[in-house]
Amino acid sequence: MNTQNTPVHIKLWHREFWQMSIANMLLTMSVYMLIPVMPLWLMQTMHFTPQETGICMGLFGVGIYLLGGFCSYLVQHYRRNQVCMWAIIIMALLLGGLYYLNVSQEILGRKELLFVQRLLFGAFFGLAQMVLSSTLIIDTSESFQRTEANYSAAWFSRFALALGPIAGLTLYKLVGFDVLLLTAIGCCVVSVILIELVKFPFRTPEDDVKKLSLDRFFLPQGMWLYVNMLLVTTVVGLLMSTALTDWYYAIMMGGFLLAILAQRFVFAEAELKSEIISGLILMGSGILIMYIQAGEMLSYISPLFIGLGIGVIGSRFLLFFIKLSRHCQRGTSQSMFMLCWETGLALGLFLGYTFLYEQTSLLYVISFSLIAVALLFYNFFIHHWYITHKNR
């Protein structure tokens with residue numbers, strides 16, 4: 001199937017699906033609102049070096065892999081919605097621990113505790129997202145609607161990439177880091193409530209499920225797609241390590257909305273390769289505009305191009321992962337997409353603060369180079385490889 005279109009079913013958008021999609025967005029916002037603010041807090045309040053800040057932010061990307069191998073076992077032996085809710089509750093508690101470290105006057109051991117907090121925060125976010133995207137959202141839709149359900153719900157978490165930093169930067173400027181953390185905890189609590197309000201049927205646990213497996217965690221046949229997408233999201237993480245403003249993220253959100261319209265009206269009947277190529281060219285153009293600093297008007301176009309580019313690339317790569325998977329691996333494909341998305345963001349933040357802090361021009365050059373490599377990689381290898389190996 002080489003068409004660009006994803007069918008729209010009005011019946012998909014019932015109350016339970018709305019609740020799960022909003023829960024997904026709030027859960028992701030609780031993570032993303034810390035991205036532009038926590039490094040400032042670490043360096044200004046906790047007296048971290050840029051290198052220590054980069055390690056702390058990067059540990060989140062390591063953490064998302066820690067519990068993934070147990071995901072299938074947990075959702076088979078316990079109520080799947082309960083597994084997700086407990087993972088989110090633990091995330092809220094970890095944010096509460098961060099709040100305590102901020103208000104506490106005790107200094108001894110703070111750095112080690114913050115490293116552990118970020119690692120565990122990533123671990124339980126990864127588990128919550130795997131259960132939510134690979135199981136719960138699918139369970140609220142009919143079998144013929146599941147591709148659209150995955151595609152649509154992913155847009156809500158993509159919106160959080162702009163809405164989270166907007167909320168974080170605004171709250172940090174107006175009321176400080178304490179209230180920001182309480183808001184992030186509130187997002188987790190509301191997310192839990194929304195999931196609790198959806199009734200999921202009880203399923204008899206399977207007896208032969210391994211405690212550690214790749215099911216609902218990692219899709220080996222999608223590894224090349226993983227590498228290609230990782231290059232793109234690493235660039236997004238690198239850009240987020242610079243001093244971006246709330247206006248930048250607001251315009252990026254406009255780019256996301258344009259991406260939805262473009263997929264419906266511009267790319268609907270276009271050649272399949274065109275969407276990724278166009279998205280990468282848009283991102284490269286946005287980075288070039290930031291590099292040359294060509295005036296205030298063009299500075300507004302840059303985040304629009306970045307949002308539009310990452311929007312069309314992310315949603316198309318998600319569908320690629322789904323089409324590479326076999327029938328019983330749909331959930332695994334969702335987790336694989338989430339892993340490469342979050343890993344790239346964390347890797348970009350790690351590289352940006354550890355090696356490129358206050359070297360903005362060099363960061364833009366490296367970002368543009370990574371986009372160029374991603375474009376060449378996709379055009380000359382990935383696209384043909386995908387067409388040859390897809391299963392749907």
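1. Let's start with a helix pair. Glu52, Ile55, Cys56, Met57, Leu59, Phe60, Val62 and Gly63 in helix 3 meet Lys111, Leu114, Phe115, Arg118, Leu119, Phe121, Gly122, Ala123 and Phe125 in helix 6. Contact here means heavy atoms within 4.5 Å. By class, the residues of this contact are twelve nonpolar, two polar and three charged. For those labels, Ala, Val, Leu, Ile, Met, Phe, Trp, Tyr, Cys and Pro count as nonpolar, Asp, Glu, Lys and Arg as charged, and the others, Gly among them, as polar.

2. A word on what you're looking at. This is a predicted model, where local features need pLDDT of at least 70 and side-chain atom pairs count only at pLDDT 80 or more, while totals for chains, interfaces and linings use all residues. Residues are numbered from 1 along each chain as its sequence is written, and side-chain values use heavy atoms, with hydrogens and water left out. Helices (H or I, at least four residues) and strands (E, at least two) are DSSP runs, numbered from the N terminus.

3. Back to that pair and its geometry. Two packed helices are described by the angle between their axes and the distance between the axes. For helix 3 (residues 50–63) and helix 6 (residues 110–139), the axes come within 6 Å and cross at roughly 30°. Axes are lines fitted to C-alpha atoms, for helices over the stretch in contact, and angles run from 0 to 180 degrees between N-to-C directions. Helix 3 and helix 6 are therefore roughly parallel to each other (under 35 degrees; over 145 is roughly antiparallel, 65 to 115 roughly perpendicular and the rest oblique).

4. Next, helix 1 (residues 15–32). Its 18 residues should span 26 Å at 1.5 Å a residue, and its end C-alpha atoms are 26 Å apart, which agrees; the expected span is 1.5 Å times one less than the number of residues. Helix 1 is largely enclosed by the rest of the structure, because 14 of its 18 residues are buried. Buried means under 20% relative accessible area, exposed over 50%, partly exposed in between (1.4 Å probe, protein chains only).

5. Helix 1 also packs on helix 7 (residues 146–174): the axes come within 8 Å and cross at roughly 35°, and the crossing is right-handed. On the helix 1 side, the residues that meet helix 7 include Phe17, Trp18, Met25 and Tyr32, and on the helix 7 side they include Phe156, Phe159, Leu163 and Pro165. This contact has 15 nonpolar, six polar and no charged residues.

6. Two buried residues are worth a look. Thr234, in helix 9 (residues 223–240), is buried at a relative accessible area of 4%. Not counting residues up to four places away in sequence, Thr234 touches Gly344, Leu347, Gly348, Leu351 and Leu370. Ser72 sits in helix 4 (residues 71–77) and is buried too, at 3% relative accessibility.

7. Phe305, in helix 12 (residues 296–324), has a relative accessible area of 24% and is partly exposed. Phe305 and Met252 are 53 residues apart in sequence and 7.7 Å apart in space, C-alpha to C-alpha. Arg326 lies in the loop between helix 12 and helix 13 (330–354), and is partly exposed at 47% relative accessibility.

Note on methods:
A crossing is left-handed if the near helix is turned anticlockwise from the far one by less than a right angle, and right-handed if clockwise.
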